[in-house]
Amino acid sequence: MSAVASPEDFDLAAELVREAGQLALRMRSEGLTASEKTSVSDVVTAADREAEALVVNRLRQLRPDDGIVGEEGASHQGTSGRSWVIDPVDGTYNFFAGSTYWCSAIALRNEPGPHEPPGDPDVLLGAIYQPQEDRLWIGGKGFPATVNGSVIAPPGDESLDRLSAGTYIHPTWLLRPEVTGPWTAAASRAATIRMMGSGSCDLARVATGQSGAWFQHSCPEWDWLPGKAIVRAAGGSTAVVEVHGFRWHIAGTASAVREIHGALTSG
């Protein structure tokens, strides 16, 4: 039987992303250095680690039976059938460069069942906080999607050629035709493309209709689940499809998701 999220879980998620985001912003104002993880554009700072530690410590105190998965390495095996998925600073390159386009994000998901496809577990709630804009998106099962407390209106169902699509592809993948073929097939169908560098910020804007769609390959769950929960709570659609061995994550209007899915599989 699937676990559920309580109203107190939603309140806690909102508190945690606010506290993590404000801590990271405060640390940035005091000066930070960054170290590379996989490339010069994939970096980590002390703020990432401190913000994750703050969230983990609170969850261990308040939700000791739940599991924890963090981008910066936090891991705890729970017994409740639920796990919190933490991205303390999503868009770290933007964060370190002084941009406002970064956020703290968290999701609460069910543990995947033995017969569930990988990469897209059942998500109960998501919360995204963009500190420098002081904007909090939250939503999930049984809880309407809101931004700063205002309920987000359901999106219309416009086609992809009428919409802006958020996406991301690292330059190193541009030499991989098994990735660039599907990506180009989907990107060429949108009215315009935006690559802003924070998947959760992008998905929050899909939820509010500022962007009509989003797609990206090989997303870790902390880049996908917070936004997926909010997009679906706002009345949008999501999908995951595997093409040439790569898993693509898609969000947007129902029509746009169908079109992107079709384009990726044709590419």
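## Helix pair H1 and H2

Helices H1 and H2 are roughly antiparallel to each other, a label given to angles over 145 degrees. The axes of H1 (residues 7-30) and H2 (residues 46-62) cross at roughly 150° and come within 9 Å. Here axes are lines fitted to C-alpha atoms, for helices over the stretch in contact, and angles run from 0 to 180 degrees between N-to-C directions. The crossing of H1 and H2 is right-handed, that is, the near helix is turned clockwise from the far one by less than a right angle.

The contact (heavy atoms within 4.5 Å) involves residues of H1 including Leu12, Leu16, Leu23 and Met27, and residues of H2 including Leu54, Val55, Leu59 and Leu62. Charged residues also take part, among them Glu15 and Glu19 in H1 and Glu50 and Arg58 in H2. By class, the contact of H1 with H2 has 13 nonpolar, 4 charged and no polar residues. Ala, Val, Leu, Ile, Met, Phe, Trp, Tyr, Cys and Pro count as nonpolar, Asp, Glu, Lys and Arg as charged, and the others, Gly among them, as polar.

## Basis of the description

The model is predicted: local features need pLDDT of at least 70 and side-chain atom pairs count only at pLDDT 80 or more, while totals for chains, interfaces and linings use all residues. Residues are numbered from 1 along each chain as its sequence is written, and side-chain values use heavy atoms, with hydrogens and water left out. Helices (H or I, at least four residues) and strands (E, at least two) are DSSP runs, numbered from the N terminus.

Strands E3 (residues 67-70) and E5 (residues 82-90) run parallel and are joined by 4 bridges. Ile68 stands opposite Trp84 in E5.

Another open sheet has 5 strands, ordered E12-E11-E13-E15-E14, with mixed pairing. Its twist averages 20° from one strand to the next. Three bridges join E11 (residues 164-167) to E12, and these strands run parallel; Thr192 in E12 is the bridge partner of Ser164.

Helix H4 (residues 177-187) packs on this sheet, touching E11, E12, E13, E14 and E15, and its direction makes about 15° with that of E15. Helix H5 (residues 199-208) also packs on the sheet, where H5 touches E11, E13 and E15 and its direction makes about 150° with that of E13.

Conventions. Parallel < 35°, antiparallel > 145°, perpendicular 65-115°, else oblique. Pairing = 2+ DSSP bridges.
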